[in-house]
Amino acid sequence: PAYAHKRGTRALPRRSLVTQTIICMKWGSRYSADFTNKLWSMVKRNTKRSTRLVCYTDDSRGINEDIQTHPLPPIDLPPEFEWLPWRKVSLWAPSVPGIEGDVLFLDLDLVVTGSLDEFFDYKPEETFCVIENWTQIGSGIGNTSTYRFRVGSHPYIYDRLQKDPGSVLGIYPNSQTYISRTITSKAFWPRPWCESFKHTLLPPWPMNFVRTAALPREACVVAFTGKPDPDEARDGRWKAPFWKKAYKHVRPTPWIAEHWQ
């Protein structure tokens with residue numbers, strides 16, 4: 001069936017027993033604590049090494065007690081940008097409470113379908129590894145739904161935004177473009193590791209009405225940028241204005257239920 005999926009086993013290189021750190025951010029009301037808890041469950045199932053999850057949030061209620069929580073790192077943004085993804089730039093400050101060294105950032109609206117250990121092993125000399133944005137292949141823009149960075153290694157990204165937010169926000173359309181254009185060194189993950197449900201897995205119109213999105217064998221992370229969210233795609237729901245219903249359609253997708261729990 002379209003949702004059948006079984007990853008092969010990769011040999012993992014020998015590493016020290018240092019605990020791997022994965023982080024996420026949760027603010028506002030779009031994503032409930034359940035999204036954070038599901039992320040933790042997926043992390044545990046898809047890591048063989050000692051791994052912890054750290055969540056930066058404005059509301060820790062309902063979050064699993066095994067997840068380490070911290071207040072959102074401070075950042076000064078104009079009110080209209082304060083609760084947009086620009087807030088993620090706060091992680092590029094010279095120091096961030098609770099983390100150090102190389103950490104892996106995961107958005108809440110993604111589904112982990114394969115091993116995350118390799119994300120810590122890939123190009124260990126690099127201080128920033130990120131998805132090559134699916135809609136901008138070849139342009140050097142990363143998609144920051146899944147990235148590894150070295151805490152404190154590029155503080156100028158944070159400092160520039162804090163010193164002149166008006167200029168930065170006026171030049172760059174979003175935070176991931178700003179980061180990609182500003183950072184001095186980056187590497188992209190191997191393309192099969194990270195998929196976009198909407199951009200790379202969902203069959204193109206009109207086949208999305210008759211075919212279910214398939215999960216590639218080598219996929220480790222499936223990102224749900226924009227809409228639909230994982231629960232919506234799982235159930236075959238896509239919230240959209242009525243004039244877009246002619247093409248914004250998703251069939252119920254069983255493999256999401258298998259992994260997103």
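Reader: Which residue forms a salt bridge with R49, and how far apart are the closest N and O atoms?

Author: Before the answer, keep in mind that this is a predicted model. The general idea is that side chains of opposite charge can pair when their charged atoms come close. Here, R49 pairs with D121, and their closest N and O atoms are 2.8 Å apart. R49 sits in the loop between helix 1 and strand 2 (51–57), while D121 belongs to helix 2, so this pair ties together parts that are 72 residues apart in sequence.

Reader: Is R49 buried or exposed? And what about D121, buried or exposed?

Author: The cut-off for buried is under 20% relative accessible area. R49 has 18% relative accessibility, so R49 counts as buried. D121 comes out at 17%, so D121 counts as buried too.

Reader: How many salt bridges does the structure hold?

Author: There are 13. One of them joins D107 and K88, with the closest N and O atoms 3.3 Å apart. D107 is in the loop between strand 4 and strand 5 (110–112) and K88 in the loop between strand 3 and strand 4, so the pair links parts 19 residues apart in sequence. K88 is buried, with a relative accessible area of 8%. Another salt bridge brings R61 and D59 together at 2.9 Å, N to O. R61 counts as exposed at 66% relative accessibility, and D59 is partly exposed at 24%.

Reader: Now for the inside. Which residues have the most contacts within the largest nonpolar core?

Author: As a general idea, in soluble globular proteins, nonpolar side chains tend to be buried together. In this model the largest nonpolar core has 48 residues, and L39, F119, W189 and F197 have the most contacts inside it. Helix 1 (residues 33–45) gives the largest share of this core, six residues. A second, separate core has 31 residues, among them M25, W92, V130 and Y158.

Reader: Why is helix 5 described as largely enclosed?

Author: Seven of its eight residues are buried, so helix 5 (residues 175–182) is largely enclosed by the rest of the structure. The cover over those buried residues includes strand 6 (128–132), strand 7 (142–150), helix 3 (155–163) and helix 4 (165–171).

Reader: What about the backbone? Which peptide bond to P206 is cis?

Author: The general idea first: most residues other than glycine have a negative phi, and most peptide bonds are trans. Here the bond from W205 to P206 is cis, with omega near 5 degrees. P206 is in the loop between helix 6 and strand 10. The bond from K227 to P228 is cis as well, with omega near 0 degrees, and P228 lies in the loop between strand 10 and helix 7 (230–235).

Reader: Which phi does K123 have?

Author: K123 has a positive phi of about 40 degrees, although K123 is not a glycine. Look for K123 in the loop between helix 2 (117–121) and strand 6.

Notes:
Residues numbered from 1 in each chain as written. Predicted model: local features only at pLDDT ≥ 70, side-chain atom pairs only at ≥ 80, totals over all residues. Heavy atoms only, no water. Core = buried A, V, L, I, M, F, W, Y, C linked by side-chain atoms within 4.5 Å. Buried < 20%, exposed > 50% of the residue type's maximum accessible area, 1.4 Å probe, protein only. Helix = DSSP H or I, 4+ residues; strand = E, 2+ residues; numbered from the N terminus. Contact = heavy atoms within 4.5 Å. Salt bridge = Lys/Arg side-chain N within 4 Å of Asp/Glu carboxyl O.
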